[in-house]
Amino acid sequence: MAARHLRSGVPLLQARLAATESAAVAQASRGLATQTDKPKENKIKVPKALYGGTGNYASALFLAAANANSLEKVESEILDVVGASKKSPMFSQFMKDTSVPKETRVKAITEIFSEAGFTDITKKFLSALASNGRLKYVERIAERFVDLTMAHRGEVKVVVRTVVPLPEKEEKELKETLRDILGKDKTILVEQKIDQGIMGGLVIEFGQKVFDMSIRTRAKQMEAFLRQPFDI
């Protein structure tokens, strides 16, 4: 049973989860940090630290949307932008083409998303990306923004790779086991993927963590052990 396999490796999984995030997120851009008309007394913080340029942009957008109580709306809009880029080669090319003059990029983005009825927060954020020549990173920024909104809601996305689909009962047991490990307040969102290459067992991935209990990995470990010289 998948859940039984997982429970047998709980101590190892808990050890891998021991690392904590302590670094602060880089300062949010001034334009996004002042989106709300009146600043709130209670300062909203990002639920997890993100690093790099895309992480900083995602964090700035999260803070602006959270302070305006518009997280759900902004999340929907930024994902719509990614979807439109995937569906339209012309729009995708425009997003990636840094040779387009800055003024042209900003004007086009403002007009397109004003007509689409986007919130001021999303429009100004996309205009900032256009002005800074960072529109080509919008998909990665959106992914990291969703990481923040999920963390804010207490959701954890777990990818489970198996040879055959998990029965409903085993998936439920798996969620319960993961909730025991990650916290009772967490909502576990399981995405199942079929992977014949693991030969059996299961591989669980969440965040940057991978818990490999596949037969393929165990076979490789056994092979390595058997290849070691031993005294007779």
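**Salt bridges, cores and a sheet**

Arginine 153 comes out partly exposed, with a relative accessible area of 41%; on this scale buried means under 20% relative accessible area, exposed over 50%, and partly exposed in between, taken with a 1.4 Å probe on protein chains only. The model is a predicted one, so local features need pLDDT of at least 70 and side-chain atom pairs count only at pLDDT 80 or more, while totals for chains, interfaces and linings use all residues. Residues are numbered from 1 along each chain as its sequence is written, and side-chain values use heavy atoms, with hydrogens and water left out.

The charged pairs make a handy starting point. A salt bridge here is a side-chain nitrogen of Lys or Arg within 4 Å of a carboxyl oxygen of Asp or Glu, and a search of the whole structure turns up 11 of them. Arginine 153 has one with glutamate 155, where the closest N and O atoms are 3.3 Å apart. Glutamate 155 is itself partly exposed, at 23% relative accessibility. Another salt bridge links arginine 161 to glutamate 205, with 3.0 Å between the closest N and O atoms. Arginine 161 sits in strand β1 and glutamate 205 in strand β3, so this pair ties together parts that are 44 residues apart in sequence.

As for the elements themselves, helices (H or I, at least four residues) and strands (E, at least two) are DSSP runs, numbered from the N terminus.

Arginine 144 is buried yet has no salt bridge, and the nearest side chain of opposite charge, aspartate 147, is 5.3 Å away. For that search, Lys and Arg count as positive and Asp and Glu as negative, with His and the chain ends not counted. Leaving aside neighbours within four places in sequence, arginine 144 is in contact (heavy atoms within 4.5 Å) with Leu50, Tyr51, Thr54, Gly55 and Ala58.

Valine 146 is a further α9 residue, and is buried, with a relative accessible area of 16%. Beyond the neighbours within four places in sequence, valine 146 touches Glu75 and Leu79. Serine 76 belongs to helix α5 and is partly exposed at 37%. Although 70 residues separate serine 76 from valine 146 along the chain, their C-alpha atoms are 9.7 Å apart.

Then there is the nonpolar interior. A nonpolar core is a set of buried Ala, Val, Leu, Ile, Met, Phe, Trp, Tyr and Cys residues joined through side-chain atoms within 4.5 Å. The largest such core has 33 residues, and Phe62, Ile78, Val81, Ile109, Leu126 and Phe145 have the most contacts inside it. Two or more residues each come from α4 (52–67), α5 (71–87), α6 (89–96), α7 (102–115), α8 (120–131) and α9 (138–153). Helix α4 gives the largest share, 7 residues. Isoleucine 78, setting aside neighbours within four places in sequence, contacts Leu61, Phe125, Leu126, Val138, Ala142 and Phe145. A second, separate core of 13 residues includes Leu174, Val190, Leu202 and Met213.

Strand β1 (residues 155–162) pairs with strand β3 (residues 201–206) in the antiparallel sense over 4 bridges, and valine 159 stands opposite glutamate 205 in β3.

Technical notes: Pairing = 2+ DSSP bridges.
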